[in-house]
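Dear colleague,

I am passing on the structure we talked about, and my notes follow it. Please read them with the model open beside you.

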Amino acid sequence: MQLELRHLQAVCRIAEAGSLGEAARRLGISQPALSAQLRRIEAVTGGELFARGRHGVEPTALGHFVLARARRVLGEMAALGAEARALAADAPLRLGCILLVLLDGLLARTDQALSGREVTVDLEDSVTALVRMLGAGQYDVIVYGEVNDYEVPLPRGVTARTVVPQEPFCIRMSSGHRLAGRATLDLAELAGEQWMTLVEDDDGGPEALVEACAKAGFVPSLRHRITDRQMRHDLIAAGRAIALCQPTAPPVAGTVMRPLAGTPVTGRIRLAWNRSAVPAQQAERLYRAAVAAYLANVDNNDFHREWWDAHPEARPVLD
């Protein structure tokens, strides 16, 4: 077997994650498959690359050597792709996103923001995948979210700007729910509910929800994980689940949205781009388009407008 780029990427992901299980999740493969791949890589490199420790896996001396070379090769390959694209002036701009409320408005504004440049758009369920693909030159720009204090590490050659510093997650529930008539909910009142897990599970969201629920005195039952928006709404409307959602989300028949007292879970929206593929002026236009798309949804729910007006520190920064 010869080493390929995917093998180098696997070694880097294992080192970054600190465990085979987490690395496999980030790579979108099973842990047994990654373990088998690592054994084949180690057969080529001539020795063990990672040693199991008390807190996961750590690179051996040989592992550190291979990692240094792997990162150098992957960096050069990413730069090659990005620089080649930069030379192709008519190449479409590749935008990667997670499913955020502002996405529809952002896409509607891209033609104006990019002066007619063609744009291709892909949705991903994983923030980690988005960032990795941006670093590898597969995307030029990404829009993603972070929850509470979690910060997504970014690759070299990438610049990021915060579109919205903070927004308070709220609860979407059936309009027939026993608490639907309340103006504000205490998280503790939701003990025993069936929860719809967040679609993006590597942005700090699941951990933030579990931690907030623990402080409220219960462990949430994270039962449903559905990526189709309509199916999620149908399940909630039927009273079979509740879900955290962005406060800018539009109304949905059969459901209501209610804020949480104390805002125990908050989100942050960011835009990042590959500097070698996106000129600064174009990045500024995209940033402003993302801000405008978010602001267009602030009035979707009265409780969020009230919160927004009371928290000027949460507003976008426009120079």
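How are helix 2 and helix 3 oriented to each other? Please bear in mind throughout that this is a predicted model. Helix 2 and helix 3 (residues 31–45) pack at an angle of about 105°, with their axes 9 Å apart, and since angles of 65 to 115 degrees count as roughly perpendicular, the two helices are therefore roughly perpendicular to each other. On the side of helix 2 the contact is made by Leu 20, Gly 21, Ala 23, Ala 24 and Leu 27, and on the side of helix 3 by Gln 31, Leu 34, Ser 35 and Leu 38. By class, these residues divide into 6 nonpolar, 3 polar and no charged.

Helix 2 (residues 20–27) also packs against helix 1 (residues 5–17), here at an angle of about 125° and with the axes 8 Å apart, and these two helices are therefore oblique to each other. Their crossing is right-handed. Helix 1 contributes Ala 10, Arg 13, Ile 14, Glu 16 and Ala 17 to the contact, while helix 2 contributes Leu 20, Glu 22, Ala 23, Arg 26 and Leu 27. This contact has 6 nonpolar, no polar and 4 charged residues, whereas the contact of helix 2 with helix 3 has no charged residues.

Turning to the sheet, 5 strands form an open arrangement in the order 9-8-10-7-11, with mixed pairing. Strand 9 (221–224) and strand 11 (255–259) stand at the edges, each with a single partner strand, so one side of each is left without a neighbour in the sheet. Neighbouring strands are turned by 40° against each other on average, with direction ignored. Strand 7 (residues 170–174) pairs with strand 11 in the antiparallel sense over 5 bridges, and Met 173 stands opposite Val 256 in strand 11. Helix 8 (residues 229–237) lies across strands 7, 8, 9, 10 and 11, and runs at about 65° to strand 7.

Two loop residues may also deserve a look. Most residues other than glycine have a negative phi. Asn 148, however, has a positive phi of about 50° although it is not a glycine, and it lies in the loop between strand 5 (141–147) and strand 6 (158–168). Thr 263 likewise has a positive phi, near 40°, and is found in the loop between strand 11 and strand 12 (266–274); at 29% relative accessibility, Thr 263 counts as partly exposed.

Conventions:
Residues are numbered from 1 along each chain as its sequence is written. This is a predicted model: local features need pLDDT of at least 70, side-chain atom pairs count only at pLDDT 80 or more; totals for chains, interfaces and linings use all residues. Side-chain values use heavy atoms; hydrogens and water are left out. Axes are lines fitted to C-alpha atoms, for helices over the stretch in contact, and angles run from 0 to 180 degrees between N-to-C directions. Helices (H or I, at least four residues) and strands (E, at least two) are DSSP runs, numbered from the N terminus. Angles under 35 degrees count as roughly parallel, over 145 as roughly antiparallel, 65 to 115 as roughly perpendicular and the rest as oblique. A crossing is left-handed if the near helix is turned anticlockwise from the far one by less than a right angle, and right-handed if clockwise. Contact means heavy atoms within 4.5 Å. Ala, Val, Leu, Ile, Met, Phe, Trp, Tyr, Cys and Pro count as nonpolar, Asp, Glu, Lys and Arg as charged, and the others, Gly among them, as polar. Two strands pair if DSSP finds at least two bridges between them. Buried means under 20% relative accessible area, exposed over 50%, partly exposed in between (1.4 Å probe, protein chains only).
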